[in-house]
Amino acid sequence: MILRPDYIRAISPFIDTHLVKILSGVRRCGKSTILSMVEQLLLERGVRQENIIRRNYSDIAYDDFTAKDMYADLKKALAGNGKWYLLLDELQEVTGWEKVVNSLLEKEAVDIYVTGSNSKLMSSEIATYLTGRYVSIPVYTLSFKEFLEFKGKTQDDKRAVFDEYLLYGGFPIIGISNFDTSSAYQVVEGIYAAVITRDISKRHKIRNKDLFDRVVKFIVENVGKTFSANSVRNFLKSEGRAVSIESVYNYIKWLSEAFIIYPCQRYDLQGKAILKTQEKYYLSDISLKYSQMGFNRKMLSAMLENIVYLEMRRRNYEVYIGKLGDKEIDFIGVRRDERLYIQVCDQLPEDSSRETENLMNIKDHYHKYVVCRDPLAIGNDNGIEIVHIAAFLLAENW
């Protein structure tokens, strides 16, 4: 087991607190491994193995398990004295699980950790039953720093390894293996199919699977581009397919809930307001696009944006697309009283002002970066830092 210490650092302050620790993210991003890391940490702190109760509700043994079944099973396991540590994996498989967790939290001496592959783990139901008694810890596929560690490489190799990261993405099973690209994309295709079929199509009883698949393909093809539900409908209409705006909105919502995509809203820097239209979407891992469309160098700019977007989220930034008049800033990151602005490109043009001009029009003192894959990308242009993407992703602070 290769450790992911950033997640242990995020969880550690909440161990033995009266809060449910909820870890959520796309399937196969490493949530179960993080639960194993938590279990190991508890053992190192002196917790007895018999006081650690672990369940994986995606296991066939728990097929058709109801909330009452779950409650009865856990209550039986809690027989005896002492404090109990519950590690409950893929809880979205049990409808009404939040009532069970709430009841156990109220009546038993328990410390609870749960994982799930659906964002409804942070939905209104949880707000109702676990108000003020849970902490959410999002889990992502491997960062570039983690990918280096999984590959046993050092930061001296960062540029060469970054090109590999760009080609393979960050699913842990890919990072820990030595697949060729064809095999790697085949593995990711299996993850993608499981989410689309099991977590979305079956769960939401989608009747026209072919139409749903075409909408998903359109969204994946247009990662990093602004589009609306209406533009999706018009595109499908041009192909002779009819779909309602409501259906498109539902499909986008379900893809977001399953962590296939993340929405990124636009922020008007002049009006200081979040705009309600023309948001962009980014994938939970770039390899999801390759698994559907293969790898093409024309994708690079959008995939580099996707990588930077995910890294900003890992570092707990709220991420927006910036609108400044008729100009666009690739990303604005907001974290408490901090802010930063980022432009992303593949190769830096000879006239670097093409990438720095929009940033120079922002009249504040916050950090501004041009992040690119250009091997010569380093320097400072009127206070704007130009940095290679590998160095940017590995920097401790921005």
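Reader: How do you know whether the radius of gyration of the protein chain agrees with that of a compact globule?

Author: The model is a predicted one. A compact globule of 398 residues would have a radius of gyration near 21 Å, and the protein chain has 22 Å, so the two agree. Along its principal axes, the C-alpha trace spans about 70 × 50 × 45 Å.

Reader: What share of the residues in the protein chain is buried, and what makes a residue count as buried?

Author: A residue is called buried when its relative accessible area is under 20%. Buried residues make up 53% of the 398 residues in the protein chain.

Reader: Why is a set of residues called a nonpolar core?

Author: The name applies because its members are buried residues of kinds such as Val, Ile and Phe, joined through side-chain atoms within 4.5 Å. The largest such core here has 98 residues, of which Phe162 and Ile342 touch the most other members. Helix 14, residues 300–314, gives the most to this core, with nine residues. Apart from this core lies another, of 26 residues, including Tyr57 and Val114.

Reader: Which residues does Ile342 touch, leaving aside those up to four places away in sequence?

Author: Contact requires heavy atoms within 4.5 Å. Among the residues that Ile342 touches are Val308, Met312, Phe331, Leu359 and Phe392.

Reader: What share of the contacts with a separation of 6 or more joins residues 24 or more positions apart?

Author: In the protein chain, such residues account for 67% of those contacts.

Definitions and conventions:
Residues are numbered from 1 along each chain as its sequence is written. This is a predicted model: local features need pLDDT of at least 70, side-chain atom pairs count only at pLDDT 80 or more; totals for chains, interfaces and linings use all residues. Side-chain values use heavy atoms; hydrogens and water are left out. Buried means under 20% relative accessible area, exposed over 50%, partly exposed in between (1.4 Å probe, protein chains only). Helices (H or I, at least four residues) and strands (E, at least two) are DSSP runs, numbered from the N terminus. The radius of gyration is taken over C-alpha atoms; the globule rule is 2.2 Å times the number of residues to the power 0.38.
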